[in-house]
Amino acid sequence: VRRRPEGRRARDLPSHPLSVRRWGRRRRPHRRPPVSTPIDQVIQLLAAVPRAEGRTFQEARGDLDALAGGTPLPDGVRFEPVRAGGVPGAWVAAPDASSDRVLLYLHGGGYTRGSVTTHRRLVAALSAASGATGLALDYRLAPEHPFPAAVDDAVAAYRWLLARGTAPASIAVAGDSAGGGL
């Protein structure tokens with residue numbers, strides 16, 4: 001137990017500059033600087049999405065897809081829908097991407113939203129950075145398709161890549177948020 005020096009009271013002790021003892025002072029509201037970084041642009045886009053209260057999962061998903069679908073892909077990126085082991089998805093390849101190497105990408109969204117449409121720019125950027133062709137997967141979403149539907153879809157797509165002759169060492173699996181969990 002830490003004791004105060006003899007004869008001193010709490011109000012006599014110096015306060016830390018970040019302490020709560022600054023009663024009576026009014027704080028100024030924090031002002032965000034103008035949008036200048038990519039993350040600020042993402043935050044601004046997400047703030048434009050209507051709130052989910054009273055909306056179905058399908059309506060909220062549609063809003064997110066419409067928002068992301070309006071952003072064009074970088075020049076030269078190939079986007080080709082595919083069914084990978086019965087699971088919908090898309091090949092997303094930067095101009096110099098190798099077809100011998102595959103990035104199996106599983107999107108985030110809490111297992112309830114997100115799609116190839118919402119993550120296609122990210123997969124295109126990963127394809128350009130890695131030199132691999134991206135396979136973005138539209139795995140089944142909850143609550144309509146509870147666990148283990150998403151896991152089954154990811155495994156089916158991986159097995160489909162193997163069956164078409166892609167070497168296991170040439171497949172990288174990546175994802176964000178829920179997709180990282182898969």
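**Reading the model**

A: Buried means under 20% relative accessible area, exposed over 50%, and partly exposed in between, using a 1.4 Å probe and protein chains only. The model is predicted: local features need pLDDT of at least 70 and side-chain atom pairs count only at pLDDT 80 or more, whereas totals for chains, interfaces and linings use all residues. Residues are numbered from 1 along each chain as its sequence is written, and side-chain values use heavy atoms, with hydrogens and water left out.

Q: How many aromatic pairs does the structure hold?

A: Rings of Phe, Tyr and Trp (its six-membered ring) pair if their centres lie within 6.5 Å; planes under 30 degrees apart count as stacked, over 60 as edge-to-face and the rest as tilted. The structure holds one such pair. The ring centres of tryptophan 91 and tryptophan 160 are 6.0 Å apart and the planes stand at 40 degrees, so the pair is tilted. Because tryptophan 91 lies in strand S2 and tryptophan 160 in helix H4 (residues 149-163), the pair ties together parts 69 residues apart in sequence. Tryptophan 91 is buried, at a relative accessible area of 9%.

Q: Where is the kink in helix H3 centred?

A: The bend at a residue is the angle between axes fitted to the seven residues ending there and the seven starting there. Helix H3 (residues 116-130) has a kink of about 30 degrees, centred on leucine 122. After H3 comes glycine 131, with a positive phi near 80 degrees.

Q: Which residue caps the N-terminal end of H3?

A: A polar contact is a pair of N or O atoms within 3.5 Å; within protein, one must be able to donate a hydrogen and the other to accept it, and residues adjacent in sequence count only if both atoms are side-chain atoms. The cap is serine 115, with a side-chain oxygen 3.1 Å from the backbone nitrogen of threonine 117.

Q: Which residues of H3 are buried, and what covers them?

A: Contact means heavy atoms within 4.5 Å. Val116, His119, Arg120, Val123, Ala124 and Ser127 are buried. Their cover includes helix H2 (57-69) and strands S1 (78-84), S2 (87-93), S3 (98-106) and S4 (132-137).

Q: What does serine 127 touch?

A: Serine 127 is buried, with a relative accessible area of 1%. Not counting residues up to four places away in sequence, serine 127 touches Val92, Ala93, Ala94, Ala97, Ala132, Thr133 and Gly134. Its side chain also reaches the backbone oxygen of alanine 132 at 2.7 Å.

Q: Over the face of which residue does arginine 120 lie?

A: A charge sits over a ring if NZ of Lys or CZ of Arg is within 6 Å of the ring centre and within 35 degrees of the ring normal. Arginine 120 lies over the face of phenylalanine 79, at 6.0 Å from the ring centre.

Technical notes:
Helices (H or I, at least four residues) and strands (E, at least two) are DSSP runs, numbered from the N terminus.
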